[in-house]
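Welcome, and thanks for taking a look at this model with us. Please keep the sequence and the 3D view side by side as you read.

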Amino acid sequence: MHEASRPPDPAPSSAAIAVRSLQAHEHARWDAFVDACPDATFFHRAGWKTIMEQGFGHDSHFLYAEQDGRIAGVLPLAHVRSRLFGTSLVSLPFCVYGGIAGGSPAVRLALDDAAQALARRHGVGHLEYRWREVEENAPESADACWQQKPLYATFRRPLRADAEQNLLAIPRKQRAVVRKAMSAGLHSSIEHDLRHFYPIYAASVHRLGTPVFARRHFALLRTVFGTDCDILTVYHGQQAQASVLLFYFRDEVLPYYGGGTPLARSTGANDFMYWETMRRACERGCHLFDFGRSKLGTGAYDFKKNWGFTPQPLPYAYQLVRATALPEVNPLNPRYALFIRAWRHLPLPLANLLGPHIVRQLG
């Protein structure tokens, strides 16, 4: 639509704003709003309420603002209680994006006020909004004292309709790895169970010194999000070498949890896995590839830049409630270096047994 023919934005409604909690019978209504809201993300979907409560045992507070009988804005929150890392109210734990989606300034302020009241009532250490782009969505509360810290960036890029154009958009060095993997006969398959994905993913995060999610977490994701959650596995012959769990949202694809075997680096299976994600996503009609967040100064951050993606800093916002300092729960914190080294040396079966009990407290 040309700029001249675009209809004017509707005038803000003067109707009263009511903030309510999402009920089980309202999931379809919530998701209809999220699907139509330009600044909403996959992580604003109502299914995450089920993931938080059934998968991790965290209380959730999925708030929506209602005006003129319609949902005007949403704010998904979960209450993380951790003996190791303190308590927090986060939008949204285990997700890369969150915060308030949609609404006029008055709607956003009403949702923010409700979240702050919840944070005080539960006595959490901090309230956290995982904004993807804060400029257009930040609440305008006069008494809120929000803090930020540069820790993560996300990587998003449009996809072309033609597969060869997407391949040529990959920088030469990484493109050569993909072409070599093609020549070596690597191939991919969309799978509907965790038989190959979970062992590959669990071993990958163990090598990084990171606790793994429970197998049931991934099974629950597949159940809750259905056809919007796929698993793509890369094979060399009959040998599975890399696997990734994907999310689809509108016309976007998000490769979210991925890993490779020790052989994957030498065969190029990891690069080929992301190429196949792009190729298959285009066949599905996707127009944007979301490579997800990475911590600044890490190998994953550099890997995504080497694929030609431009980092977009994530302006996560924190408001201290009972805590006196911003949380530092991330692997780059020197306090956790000894734990990471020790975790790498645990036998894999023991790490897979203990990991889910620890990771649920991280958020």
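## About the model

This is a predicted model, in which local features need pLDDT of at least 70 and side-chain atom pairs count only at pLDDT 80 or more, while totals for chains, interfaces and linings use all residues. Residues are numbered from 1 along each chain as its sequence is written, and side-chain values use heavy atoms, with hydrogens and water left out.

## The chain as a whole

The chain holds 12 helices and 13 strands; these are DSSP runs numbered from the N terminus, with helices being H or I of at least four residues and strands E of at least two. Its radius of gyration is 21 Å, close to the 21 Å from the globule rule for 363 residues, so the chain is as compact as a globular protein of that length. Here the radius is taken over C-alpha atoms, and the rule is 2.2 Å times the number of residues to the power 0.38. Along the principal axes, the C-alpha trace spans about 65 × 55 × 35 Å.

Of the 363 residues, 53% count as buried. Buried means under 20% relative accessible area, exposed means over 50%, and partly exposed lies in between (1.4 Å probe, protein chains only). Among contacts (heavy atoms within 4.5 Å) between residues at least 6 apart in sequence, 72% join residues at least 24 apart.

The largest nonpolar core has 51 residues, of which Phe-43, Trp-48, Phe-218, Leu-221 and Phe-247 touch the most other members. Helix α6 (residues 197-208) gives the most to this core, with 5 residues. Apart from it lies another core, of 30 residues, including Ala-153, Leu-246, Ala-264 and Ala-269. A core here is a set of buried Ala, Val, Leu, Ile, Met, Phe, Trp, Tyr and Cys residues joined through side-chain atoms within 4.5 Å.

Take Leu-221 as a place to look: leaving aside neighbours within four places in sequence, Leu-221 is in contact with Trp-48, Ile-51, Gly-226, Cys-229, Leu-245, Phe-247 and Tyr-257.

## A buried loop residue

Thr-41 is found in the loop between α1 (27-36) and α2 (47-56), and is buried at a relative accessible area of 4%. Not counting residues up to four places away in sequence, Thr-41 touches Val-34, Tyr-97, Arg-132 and Phe-249.

## Salt bridges

The count comes to 15 salt bridges, each a side-chain nitrogen of Lys or Arg within 4 Å of a carboxyl oxygen of Asp or Glu. One of them joins Asp-59 and Arg-81 (3.1 Å, N to O). Asp-59 lies in strand β2 (residues 59-67) and Arg-81 in strand β3 (residues 70-82), so this pair ties together parts 22 residues apart in sequence.

Helix α9 (residues 269-284) holds Arg-280 and Glu-276, 4 residues apart and separated by about one helical turn; the closest N and O atoms of their salt bridge are 3.9 Å apart. Arg-280 is partly exposed at 24% relative accessibility, whereas Glu-276 is buried at 5%. Arg-279 forms a salt bridge with Glu-283, at 3.0 Å between the closest N and O atoms.

## A nonpolar surface patch

Leu-350, Leu-353 and Leu-354 make a nonpolar surface patch of about 250 Å². Leu-350 sits in helix α12 (residues 348-359) and is partly exposed at 34% relative accessibility. Patches are made of residues with over 30% relative accessible area and no salt bridge, with nonpolar side chains (Val, Leu, Ile, Met, Phe, Trp, Tyr) joined within 5 Å and like charges within 9 Å. Accessible areas come from the Shrake-Rupley method with a 1.4 Å probe, and for residues only the protein chains shown count as cover.
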